[in-house]
Each structure stands twice: as structure tokens, then as C-alpha cells.
Amino acid sequence: MKMSNKKALYERPLIQRINTGLMNKFGTKTEYAPVTHIDTFSVKDLITQYGSPVFVLSERTIRNTYKEANRAFKTRYPKVQFAWSYKTNYINAICNIFHQEGSWAEVVSGFEYAKALKNGVPGNRVIFNGPDKTDEDLRSAINNNSPIHIDHLDELYRLTELAEEMKKRPNVAIRVNMDTGIYPMWDRFGFNYENGQAWDAINKIILGDKLELIGLHCHIGTFMLSPSAYATAAYKLSDLALGIKQKFNKQIQYIDMGGGFASKNTLKGSYLPGEDTSPTFDQFAEAICTALLNAGFTDKDLPLLILETGRALIDEAGYLLGSVIANKRLADGRRATILDFGVNIMFTSFWYNHKISPAQEFSSYTEDTVMYGPLCMNIDVIRDHATLPPLKKDDHVVVHTVGAYNMTQWMQFIAMRPAVVLLGMDGKSHLIRKRETLENIEMNEVMPDILNTFKLS
Amino acid sequence: MNLLKNLALSDTGFVFNPATGDSFSVNPIGLDILKLLKNGKSENEIRKSLLDAYQTDKETVEKDLYDFFKMLEQLKLTEQ
Amino acid sequence: MTKRNITVGVTGLNNIDSPGPGIPVIRGLKESKHFNCRIIGLSYDAMEPGIYMHEVVDKTYQIPLPSAGQQSLLTRLEYIHQQEKLDVIIPNFDAELYNFIKLQDTLKSMGISTFLPTLEQFEERHKSALPAFGEKYGIKVPKSRMINSMAEIHSLAYEFGYPLVVKGKFYDASVAYSPDQAMAYFNKISGKWGLPIIIQQYTPGTEVNLTGLGDGKGKLTGAVPMRKTYITDKGKAWAGVTLEDRELMKIAEKMVAGNKWRGGFELEMIRTDRNEYYLIEINPRFPAWVHLATGSGQNHPEALVRMALGEDINPYKRYEVGKMFVRYSWDQIVDLKEFENISTFGEL
């Protein structure tokens, strides 16, 4: 060993054609600067302890991000309430961080609803959204006094029937869709503002007198880069609220602006990196709060502002640590690197160019590389094009900004899903979801007797 | 493996093929290999030279040299 | 008068058949009565001709493409500043302006001045926001809307009729005469510049342009209107002539008074047969033909540098009408060693 230390550090030999018009390498070092630690935890140690790949989430980043969002809104508006969007990341430990910070729960299915109750969230602090609520879901939500956000007329009528049957007065809000000047306009959820459906639904609810209309809800899109669209949405919901006050002398309790704030990820097809272009919480807060404060409510009538932000609160806190399985040269001469994680566990690589950093030091030489996952499927591409140093087998990489949606949309396909680890503010790493096992997967399978045995010659 | 005879190698890692007008960049170890090839060294000699000069092992050098030579062929920098 | 020695960083050295504004800006600076300018070229590509034009560009450094983000750009500029002590930077590409605008305070604290529009001014003139812009400042704008998917092209026939104009977020515009053509341009332009794509009503008439400079306080420091008299097959000006166009000057004054534009800009307008002016585009920087302004008596690049350095200057009142520019191309002879240096070390 002593002998070999006198030798020069080895790096894979590289040769590249000098192409004009491509990214030049001068000053782009931040693109592939190694990330050896997350918070104070060594990437290498985490992989040794929990296996590769492994999702890790930084408790510090989650809490700091939440505090930042909370500050942005509370310094601009007197009554603000966040509700954690379960679908974004519903690992219980993560949900509980948000609940500790003061978030209610926002759920979109019976499964998520049960999860929130099980985590100990009081029923009247669980907002029930979504187009698919079964009778069982609705009954349970009515019994728990949960705010039920009505998506369509069929649901409105069904709720009215259940209210009569159960002799209860459910707390409801309606979801409103609208033109906020952005494309595509989400018009499949809720009742439309411009064509009067929303106002009609409000009238049906109030005049029907079986349901208690306590709020108005919208959710104008996803990965929104334009704060001004939220201002438009806030004006339109306020307009409905003021209309209710005027016609029925009734005050609604809250306006729920939903979520959709962009995180710092870079969408495929966008030219500038999301880190530089995504609006800040301050910008979203300024747009929404200014619109509400100027809408014409008297000070005492100002409704509670509810926010269901998911992605922007959790994306940056999440990392995926993985390893290089192999390198190969494609027929056209491009370099390809095969990683031990694919689109099965990193669903978001379909729409983001996730930033990927090597987890060990390299020289400044880089190569353009296609990054593939390990699935035996052609669609398993993590990055079509990344500029990275010459990674070799077993080197580690860190994928950034994966905290939102991956740990809920991941698929169990040909392999088990990896462990999820929380990097605690107590300086310890905590396993919050174990790596799946064959037993986990087969637990729900049933083998008919006639298929119990076989013989192969 | 024979490198094109008139290939111009610069110590900066800049490589120019006067026959086609293409230019390339190589990292320092790549430049070492090109120089060894230019001096008529065989694949075995190059392998040994790299093992003497760098902290690496036989398998890695074998894999990487194979890939590097394939690239040289693909980039049309070798005598047919 | 003794001239002050300053160092100015300039981008847009791509003096090719569809040229960037860098070299014309530099020529204005080199003709300055107030400054002796050392010019530091900032290039994105080793093939930008300005890199090799040593009579106008003293030294060139490669900088990372805008898509690498602000941190990469800043790191590189810090290095260049250490070597060169830049007094001013004049960015000349639309696609890089966002980063430079965001970094302007940091640059200022390093001692590098810029004279750029605010982010609000920059954003509200985006092609996609032009209709609202026109309404706000009382300027007519052809009907347009953004599309994000090819599926939306089918509905365009009813809304716009054909022909219509398909435009990219940053650059590129093509006139499509059928849905098939519109789809082809959609693919081509979105592949290069991303989404959204802007669809615009086709407005027949004569194109007239204006290169201008706003002082950031509502005054128009200089403005010269021009009509292209000859265009290349890419639609770029090959030759042009300065015009006396009171109406166009009034529009520029109105816009600058309204939005307090800071820095260079270009108005691209269509003058219809009925003498109506439609705003097609506002470029948030000098156009490639800005040297015509210098040549007709208004040195806009020099004025911009003076304002960047904090001087108060009197607006230009006059320019010579009927002054022409005729572009030409020039084959430079370049030693391979120079190409090697810029592509290996990123400096020349």
C-alpha cells in the first residue's frame, strides 16, 4: 500500500470531440461538485448502514422550510393554517414532523384519511379532498366533523342524503376551478367559477340547508412558477365569499388556496435551473395575501387562509443515495452509466432533470453520460444527459430534491423498495421505513392448492 | 492499435486530426496513453506503464483501455 | 479632454450571419470620447468570431451557459474579475439576462457596474406577456397566446386563422401557413428553447425598428428608428436606413416614461397600411444593428457605460436621418493554437 501511494491518482482515460454549441466546461464546476455529506452525515456511512439505494430526508431542512413558509404567510396575513398534503409524502414520521410544527392534515382518499386519524390528527383537523370518497369515507368524515371538500354534484347530492340519514350536519367546502391565466387550466376538479357552476353549487348547499358551508377551496395547478396566478385565484374565491355574505348574510370560515407551489427542481424542457427561477414563499405569500387583504373583507370578516403546500415544503429535504452498477459505451459512442435505482423508485425523473452529484472527489474532467436505472426496460432513464466525472462501478451518487411524491408514487417492480432514513436534528439517523422484503410483497398473495406443486424435468 | 500517424498531440490535452479537421480534448491519463501509442508501444506495454504510474489495478486498466481504444476507433483516430 | 481608462466585459461576440450585438457595442465603446476601453470578451462558444478579433476584443474568457445557473456564472465572473478588474459588464443575450439581473447587486458589491432593466421590467415584456404589456402602456399588440402542447394547435385555426406566427420563449419566430407547418415549428422551436410556445396573429405591414436607451427614471436617453432595407434568408437585417418617424419615437417615449426602462432595448414594430403601429417584440438589450445609432450620431453603448458608472447625461436629441448600414462578412484567418487555447483553457 505504501508503495502505491507514491503513484498518481488514477482516473479513467477520457477523450471527447470538441463540439461547438455545447455546454463549455469553464466555471460549471458546481454542476458536479462532489457531495460527500448531507447535513453532518457521511453518504458512504449511510449506504454502509442502510444499503443502496436509500432515501434520506433531512429533518433540519423540513423544519426550516416549514418555518420559512409559515413566516412568509404569517407576517402578511393574520390567520394562516397549513395542512400537510399526505399524498406528497405520507411516511408517518414525516407527517408527524409537520403535525409537530402545527400542520393539519389534507387527504385525498380513505386510505390517507385513515392514516391521518391513526397518526392522531383530530378529525376536525383533517381536510378531505378528492373526487373519490366512498360512502364509508363520507360517513366517517361526517362523524369526525372533518371538513369535506366537494368535488362534483354527485357527491353533493350523496352527502345531502347521508346528512339526512345520519341526522348530522356535515361541514363542507366546495372545490372551485377557474381561469387564472395559466396553461393548462385545471378544470377537471371541482366546480367552475367562470361559467357559474361554483355559484350554483354554493346556492344549492345553502338553500338546501342540510350541509354547513364552512369554506371555499381551489388548487389551480401543479409546479406553478407564476405567483400572480394565485392572486387571481384568491380574488375569485374572495368574490364568491363576499357574494355569499351579501346574498345570505353568511360568513364562510376559510379560504383554502390548495398547493402547487413549485420546488427548486428543474422541469424537463426548461432552460434555466429551478434553483434560480422557482418563486420563493415570500413571492407566493405576497400574491395571495395582498389579494385577500384587498378583496373587500372587513378586518373581522377576514377568512382563515389554509394552504395545502406539499412539494415546496418537502422536495429539497429529500435525497436518494445510490451506487453505480456498471458503465457502458452505447453504439453511437455515448457513455452510459447504470445505477442501482430506476424510475420505479424515482418516478419524478419522468418530469424533472434531477441534479445528480458524485459522492466522492474527482478531477475536473467530465464526460457526457446517459444515466440509466437497473430495470430491464427501455423507459428506465434517470437523466437523458448529464455531465459527470468518470464514475466507476460501486461509486456513490446523490440525487437531489426527491422528497416529494417519490415515496408515495414509487412502484414495487422486479425489486423491493429501499429503506427511508430520517437525518435527525439529534445528530442520529433514524430508520423510518424499512427496506421491503420478499415476505412483505408475498404477504397478500394466495396460492390455490392445485398450484402448490410442479415438476420440471 | 495504431494511432493515426499525423495526429497532433498538445501537452494541454488538445488533439487535432489534420486529415479531418476535427479536434478533441483528453484528460491527462488519456494523453499519456496517446503518447505511448504514438511511440509505437503495444497494448501490453501501455497496460504495464499505467500500472506502474497510477494507483489502480489490472482489471480496471484492462476495462478502461478497452473502452478508450473503442472510443479512438469510433472517433476515427486509428489506422484502419 | 482626457479619456478615462476602464475595463468593460461584453458578451454576444457571435458576429455570425445572424449576429449578436457584442461587436457593434464594442465598436461604439472603442469610438468613445470619454473612455479608453479595455474590452474583455465573455464567450459561450469557442467559435464566436469576436474571440479572434484582437483589434476590438483585448482578451476573451469562456463563461458557462445560462442553463448552468447563477452560482456557476458568479464563480466564473469572480475569477475573471480577479484577473481583469472589470468596471462594467454589458450582457447582450436575452437568455443570459435573467442571471445577470439577479446577480447585479452581487456584482455591484464586487465593484462591477451594470445598467440593466429590473426583473419586473424584464419579465413584463416577455413575448408571452406582451398583450398585457401593450394594454398597460397603451401600445397596440397583435393578438397572441401561449400554448404548451401540440394538441392545442387544432384550435388555433378558429382563433387566429392562417397564416399565424409561431414563436419561441427566447428566440425564433416562423410564419406557419397550415396546422402541419405550425406543428413542425412547434417541435423545432420547443426542442430548442423549451415551452411555452407563443402563437401570434399575423399582422401584415412594414417592419420598423427602434434602438433605444432608457435612463431608469422615465427618460429616453437616446433612440434611433430604422427600417431594414435588405434581409437575409433568415429574416435578419442585412442593410437598413435610419428613419424620421415621429410616431415610433412617441411610442418609445411613452413606454420609457411608463415603465422607467433601464438600459438598452429594441422595439420591433409593424406599421400597417393604415399607419397603425403594432408592437411585435421588445428586446431587453441593444440590437445587433446598434452601431447604426453610433454612426448616425448617438453612441448608445458609450451612454450606457456612463450611466452604469453613475454619470448623469443629457439625452440625445438628434440623429442623422437617411444614414445606412450595410453588413458584410469577413473571413478571419485564425491560428489553430488560438482555438486550442480558448477550448482548452477557456481564455484567449
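**Close-up views of a predicted model**

**View 1. A salt bridge in chain C joins a helix to a strand.** The side chains of E84(C) and R38(C) pair up in a salt bridge at 2.9 Å, N to O; the term stands for a side-chain nitrogen of Lys or Arg within 4 Å of a carboxyl oxygen of Asp or Glu. This pair ties together distant parts of the chain, with E84(C) in helix α2 (residues 70-84) of chain C and R38(C) in strand β2 (residues 35-43) of chain C, 46 residues apart. Helices (H or I, at least four residues) and strands (E, at least two) are DSSP runs, numbered from the N terminus. E84(C) counts as buried because its relative accessibility is 11%, while R38(C) is partly exposed at 34%. Here buried means under 20% relative accessible area, exposed over 50%, and partly exposed in between (1.4 Å probe, protein chains only).

A note for all views: this is a predicted model, in which local features need pLDDT of at least 70 and side-chain atom pairs count only at pLDDT 80 or more, while totals for chains, interfaces and linings use all residues. Residues are numbered from 1 along each chain as its sequence is written, chains are lettered from A and ligands numbered from 1 in the order in which they are written, and side-chain values use heavy atoms, with hydrogens and water left out.

**View 2. K167(C) and E281(C) form a salt bridge.** Their N to O distance is 3.6 Å. K167(C) sits in strand β6 of chain C and E281(C) in strand β13 (residues 277-283) of chain C, so distant parts of the chain, 114 residues apart, are linked. Both K167(C) and E281(C) are buried. Elsewhere, salt bridges with shared partners join R12(A), R329(A), R335(A), E367(A) and D67(B) into one network.

**View 3. R169(A) meets D209(A) in a salt bridge of 3.1 Å, N to O.** This pair also links distant parts of its chain, 40 residues apart: R169(A) is in the loop between α7 (153-166) and β10 (171-177) of chain A, and D209(A) is in the loop between α8 (197-208) and β12 of chain A. R169(A) is partly exposed at 38% relative accessible area, and D209(A) is partly exposed at 47%. Over all chains, the count comes to 49 salt bridges.

View 4. Most peptide bonds are trans, and most residues other than glycine have a negative phi.

**View 5. F223(A) and Y405(A) have positive phi values.** For F223(A), phi is near 50 degrees. F223(A) is found in the loop between β12 (212-218) and α9 (227-248) of chain A, and is buried at 9% relative accessible area. For Y405(A), phi is near 70 degrees. Y405(A) is in the loop between β20 (396-400) and α13 of chain A, and is buried at 14%.

**View 6. C95(A) is a buried residue in a helix.** C95(A) belongs to helix α4 (residues 92-101) of chain A and has a relative accessible area of 0%. The C-alpha atoms of C95(A) and S85(A) are separated by 8.8 Å, and the two residues are 10 residues apart along the chain.
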